[in-house]
Amino acid sequence: MKNMPIIFNDIGLHETIQEMTSEMPFMISVRDLHNYRDNRISWQWHPEVELFYMLEGRMEYRTARGIYVFEKGDAGFVNSELLHYTSCNKEDTCKQKVFIFMPHFIGGMQGSAIDKKYVSPVTDEKRIDVLKFPAGSQFAKDIIEMMQDIESTFTERDFAYEIKTREKLAYLWLELMNVVRVAPKKPEIHCADEQRIKQMLGLIKENYSGKIEVKDIAEAGEVSESECTRCFNRQLGQAPYEYLLDYRIEMACEMLGDFKDSLKGVASSCGFGNYGNFLKIFKEKTGMTPGEFRANESVK
């Protein structure tokens, strides 16, 4: 099963889904978290929106507001630019059919009547983060049926399939809007926090291989060190330095799986100036040594 690659893009501090193209800003995939390291996709955000339904198992979406649990038959929506974290238990199966698309695919040019009246009111509304449509509900059944129809149109590639796909997706979006319009609004959250945390995560993702201190992370968010720590705890549930260590270990795992660098080279490239410290932290975070991790990767 092919993963949906996500890379960091410093333009606008966005995450970028590599398979998305400007010619066709829409894609369909089956996402199986068992194909991702540790059965999770770490904190990310991207301009695309996601519509999905669960094929198997149980999956969790975490945002600043809390945790949303999805099980087989549930349908869901993830808003544009939302900072979120996706995971499942190693013992669980967890597959979902996912539609990912740029809002302008249905809204057209930014500022157009369709965009202003029907698309931006959803994508710009920060109180709309993750929506769940429970299995068995009529709306979930309708959403899944419409998604399956769209998938048939998109994958069969008949004449004008692009226009037909967009037309059907626009109708699905209208149905979604009807639900959003009458749904109770969630409480406001610290919107400034989310922008700051994205800026601070951007610094970490661009500079994790070098020396980074909490004061550097705080400066990226234009806040004090104490406010930086509060912001991380509110948004991510962990301290900034703990996130930095987690990210460095995550990057080390990627490098170990590539088999290109020595263990000491991996440690240095991931910001660990002290090799012994790298070995200690890696074992604490993964339950094995870097050498054991690489050996496991070689037999996959």
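This report covers the aromatic ring pairs, the charges over rings and the cysteines of a predicted model.

**Aromatic rings**

A pair of aromatic rings is described by the distance of the centres and the angle of the planes. In this structure the count comes to 19 aromatic pairs. One of them joins F77 and W173: the ring centres are 6.0 Å apart and the planes stand at 70°, so the pair is edge-to-face. F77 belongs to strand β7 (residues 75-78) and W173 to helix α4 (residues 161-182), so the pair links distant parts of the chain, 96 residues apart. Both F77 and W173 are buried. F133 and F139 also form an edge-to-face pair, with 4.8 Å centre to centre and 65° between the planes. F133 and F139 are both buried. Ring pairs link several residues into a cluster, among them F26, F99, Y161 and W173.

**Charges over rings**

K132 lies over the face of F70, 5.9 Å from the ring centre. The charged end of K264 sits over the ring of Y275, at 5.6 Å from its centre.

**Cysteines**

A disulfide is a covalent bond between the sulfur atoms of two cysteines. The whole structure holds one disulfide. C88 and C94 form it, with their sulfur atoms 2.3 Å apart. Why is C228 not bonded to C231? The sulfur of C228 is 7.0 Å from that of C231, the closest cysteine sulfur, which is too far for a bond. C231 is likewise in no disulfide. The table gives the accessibility of these cysteines.

| Cysteine | Relative accessibility | Class |
|---|---|---|
| C88 | 11% | buried |
| C94 | 1% | buried |
| C228 | 0% | buried |
| C231 | 1% | buried |

Terms used: Residues numbered from 1 in each chain as written. Predicted model: local features only at pLDDT ≥ 70, side-chain atom pairs only at ≥ 80, totals over all residues. Heavy atoms only, no water. Phe/Tyr/Trp six-rings, centres within 6.5 Å; stacked < 30°, edge-to-face > 60°. Helix = DSSP H or I, 4+ residues; strand = E, 2+ residues; numbered from the N terminus. Buried < 20%, exposed > 50% of the residue type's maximum accessible area, 1.4 Å probe, protein only. Lys NZ or Arg CZ within 6 Å of the ring centre and 35° of its normal. Disulfide = S-S within 2.5 Å.
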